[in-house]
Amino acid sequence: MTSPNPIPVVVNGAAGKMGREVVKAVAQAPDMTLIGAIDRDPQYQGQDAGELAGCGVLEIPIASELESVLAFAGQQKELGVMVDFTHPKSVYDNVRSAIAYGIRPVVGTTGMSPKQIQDLAEFADRASTGCLIVPNFSIGMVLLQQAAVAASKYFDCVEIIELHHNQKADAPSGTAIQTAQMLAEMGKTYNPPQVEETEKLAGARGACADEGIRIHSIRLPGLIAHQEVIFGALGQVYTLRHDTTDRSCYMPGVLLAIRQVRPLKSLVYGLEKIL
């Protein structure tokens, strides 16, 4: 039975580009209420989160201390959710803190190591607390990845190019790494060597992920988030590409994750797992 009470949501990284979009989306969702907004950038402290996001006054000032807001979220009648779009250096601690307070994390920040994700999975299991880690909230990207998996049955050569704005702190992107992992799980090794390669400049051939899949990262102003998966075979090239032109494209996935994370009892990785 669905509760008539709105879902309490805390946005961590509320002053960032993605954080502002989440604040706006949550404020406009009829089944959610924004109860906290955190950002460590001192220039935004005390500002109204809604005004900063461009959706009007919400009477939620941007705070700097995550744990006090999580403690407040834990006192609500309904299970609270924390949406995290912060930084690779802080996201692990943010998620652990949320789980410790019984708040369900929805994590869009990428850059955590496999060991950190495994540690969080074990912590979430012990706490019987749901957690969603989503490298990409775009429905279009989920469809691209599914198409890439289907194509991998017929192509033995593939490389990934991901392009992002030059303020992205981690490379390769979490989406590119996830795409490579999904292809690697098909049980084959890609790109059988044809020659003995020599890199005249280190890194010219990109990073080598599992099963011989190469990932190339581009960082430039003017970009938002883009990915190509390029398959090659004798006499043909098959290219899958997803382009983000506005960050609002991620919000349906974010809102879905907020709704779906609360009944979970463990960590789930990837938006495709809840679609």
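Student: Glu211: what is its relative accessible area?
Tutor: This is a predicted model. In it, Glu211 has a relative accessible area of 34%. That lies between 20% and 50%, so Glu211 is partly exposed.

Student: Where is Glu211 in the chain?
Tutor: In a loop. Glu211 lies between β8 (207–208) and β9 (214–219).

Student: What about phi of Glu211?
Tutor: Phi is near 55° there. That is a positive value in a residue other than glycine.

Student: And phi of Glu59?
Tutor: Glu59 has a phi near 60°. Again the value is positive, and the residue is not glycine.

Student: Why does Glu59 count as exposed?
Tutor: Its relative accessibility is 67%. The cut-off for exposed is over 50%, so Glu59 passes.

Student: New topic. Which residues does the cis peptide bond join?
Tutor: Ala171 and Pro172. Omega is about -5° at that bond.

Student: Where does Pro172 sit?
Tutor: Pro172 is in the loop between β7 (157–164) and α7 (174–184).

Student: Now Arg104. Buried or exposed?
Tutor: Arg104 is buried. Yet Arg104 has no salt bridge.

Student: Which side chain of opposite charge is nearest to Arg104?
Tutor: Glu78, and it is 11 Å away. A salt bridge needs a nitrogen and a carboxyl oxygen within 4 Å.

Student: So what does Arg104 touch?
Tutor: Leaving out residues up to four places away in sequence, its contacts include Leu79, Gly80, Val81 and Met82. Ser128, Thr129 and Gly130 are also among them.

Student: Which strand holds Arg104?
Tutor: Strand β5, residues 104–107.

Student: Zooming out. How many helices and strands are there?
Tutor: The chain has 8 helices and 12 strands.

Student: Why call the chain as compact as a globular protein of that length?
Tutor: Its radius of gyration is 20 Å.

Student: How much of the chain is buried?
Tutor: Buried residues make up 49% of the 275.

Student: And what share of the contacts join residues at least 24 apart?
Tutor: 72%, among contacts between residues at least 6 apart in sequence.

Student: Last one. How many positive and negative side chains are there?
Tutor: 23 positive and 29 negative. The centres of the two sets lie 2 Å apart.

Methods
Residues are numbered from 1 along each chain as its sequence is written. This is a predicted model: local features need pLDDT of at least 70, side-chain atom pairs count only at pLDDT 80 or more; totals for chains, interfaces and linings use all residues. Side-chain values use heavy atoms; hydrogens and water are left out. Helices (H or I, at least four residues) and strands (E, at least two) are DSSP runs, numbered from the N terminus. The radius of gyration is taken over C-alpha atoms; the globule rule is 2.2 Å times the number of residues to the power 0.38. Buried means under 20% relative accessible area, exposed over 50%, partly exposed in between (1.4 Å probe, protein chains only). Contact means heavy atoms within 4.5 Å. Lys and Arg count as positive and Asp and Glu as negative; His and the chain ends are not counted. The place of a charge is taken as NZ of Lys, CZ of Arg, CG of Asp or CD of Glu.
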